[in-house]
Amino acid sequence: MSDVNADEWVSSGHRPMGFPEFVIVIASIMALNPLAMDMMLPALPNIGAAFNIPNANHLQLVLSTFLIGFGAGQFIMGPLSDRFGRRPVLLGGMAVYAVASVLAVAAPTFETLLLARALQGLGTSATRVIATSIVRDCYAGRRMASVMSLAMMIFIAVPVIAPSFGQAVLLVTHWRGIFVVLMLYGVIALAWSVWRLPETLPETERRSLAPADVLSAFRQTVTNRQTIGYATAAGSVMGALFAFVFSAQQVFTGIYHLGHYFPLAFAAIAAGTAVAGFLNAKLVGRLGMRVISHGALSLYAAVAGVMLLTEILGVLPLPLFMALSALMMFSFGMMVANFTALAMEPQGHIAGTASSLYGSITTLIGIVVGTAIGQSFDGTLLPFSIGFFLSTLAALAIVIVVEKGRLFKPHHRPIV
């Protein structure tokens with residue numbers, strides 16, 4: 001952030017906060033989602049033992065159910081925020097998250113725990129949608145991409161430390177203690193937002209919740225070539241990432257026998273995403289969103305191809321798997337903020353609804369793809385490698401179609 005003149009970047013839409021505080025607040029509320037997701041990874045065997053779950057693949061439901069609530073909730077959060085403003089919807093979602101954490105702490109059955117996870121996902125759907133909408137309210141174009149990248153740099157650092165944080169909690173208490181920590185973080189983030197985050201959507205720009213108006217906004221979003229194209233492509237690459245997260249505990253402890261060192265290996269891999277967020281924030285203003293994201297998608301495809309080939313040949317030891325996985329995370333980190341900014345670029349007039357649909361589409365596609373790959377885990381990396389390769393090829397094909405074959409080339413106006 002040192003290269004950014006904070007005074008020049010302060011938008012009147014988020015005063016009295018300055019630029020650094022704005023980025024930190026946005027990142028902190030966005031971080032509710034990955035924190036609730038990744039802190040659970042080392043606790044999955046403990047949860048399985050507590051509820052007598054015999055099939056390890058079924059424990060992936062603790063993760064996928066959370067994402068289902070997250071994906072489904074986004075459909076309504078955007079239209080609500082376009083009608084009532086960003087603050088009330090954001091604060092309501094964070095309150096649901098806190099209550100769901102309490103339910104998870106007290107869950108007597110596995111089914112109750114899954115309900116609590118779905119509600120947690122529902123609550124964090126508000127934080128992700130509203131955070132993106134607030135950034136779009138205040139910034140546009142490459143500035144929006146830079147703000148998102150700076151927020152993502154902090155936001156993406158969470159998956160790096162979350163599994164280790166979860167493991168640390170397990171050293172001093174049982175797995176329910178993780179939900180206590182998640183609840184406390186949610187309450188702190190809620191209090192900070194109440195105190196400092198202003199309403200960024202003026203009364204004059206709010207939209208009706210009449211069915212015809214909502215459907216019109218949905219239609220404008222899904223019929224825009226650039227928005228729907230990048231949403232679908234993002235969902236495809238996200239599917240591979242979800243599959244990696246879903247099966248990470250089984251891969252590192254079952255295939256590579258890392259035991260309690262699993263969170264450290266996961267952190268080393270996830271660090272690639274944080275590095276990517278930092279580099280993207282530095283470079284996007286100079287190179288543009290398309291050059292960076294298209295290059296990253298090409299790297300993602302190359303990594304997928306190498307991983308599949310080495311797994312087929314039986315030469316995928318832990319160091320190579322970790323190197324390829326770190327490159328996967330790095331390339332994803334170079335894509336995610338830019339794909340979001342490209343999808344949202346034509347949708348400034350309906351930012352909340354567009355953000356909702358974008359989030360729902362990417363998350364639900366990612367869940368379907370990721371769950372299909374994760375549930376096919378058979379004790380080897382072959383199902384993941386095949387799924388990673390195919391989903392990445394699909395994303396690359398979609399981007400080529402959206403851009404009409406003109407990859408790496410900036411456009412003066414959004415594609416419609």
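Guide: Here are some labels, each set against its cut-off.

Guide: This is a predicted model, where local features need pLDDT of at least 70, side-chain atom pairs count only at pLDDT 80 or more, and totals for chains, interfaces and linings use all residues. Residues are numbered from 1 along each chain as its sequence is written, and side-chain values use heavy atoms, leaving out hydrogens and water.

Visitor: Why is helix 11 called roughly antiparallel to helix 16?

Guide: The axes of helix 11 (residues 225–255) and helix 16 (residues 382–402) cross at roughly 170° and come within 9 Å. Angles over 145 degrees count as roughly antiparallel, so helix 11 gets that label against helix 16.

Visitor: Which residues of helix 11 meet helix 16?

Guide: Among them are Y230, A240 and F244, and the helix 16 side includes F384, F388 and I398; contact means heavy atoms within 4.5 Å.

Visitor: What makes R196 count as over the face of W195?

Guide: R196 lies at 5.5 Å from the ring centre of W195. The rule asks for CZ of Arg within 6 Å of the centre and within 35 degrees of the ring normal, and R196 does lie over that face.

Visitor: How do you know that the length of helix 13 agrees with its residue count?

Guide: At 1.5 Å a residue, its 25 residues should span 36 Å, and the end C-alpha atoms are 36 Å apart, so the two agree. After helix 13 comes G314, with a positive phi near 75°.

Terms used:
Axes fitted to C-alpha atoms, helices over the stretch in contact; angles between N-to-C directions. Helix = DSSP H or I, 4+ residues; strand = E, 2+ residues; numbered from the N terminus. Parallel < 35°, antiparallel > 145°, perpendicular 65-115°, else oblique. Expected span 1.5 Å × (residues − 1).
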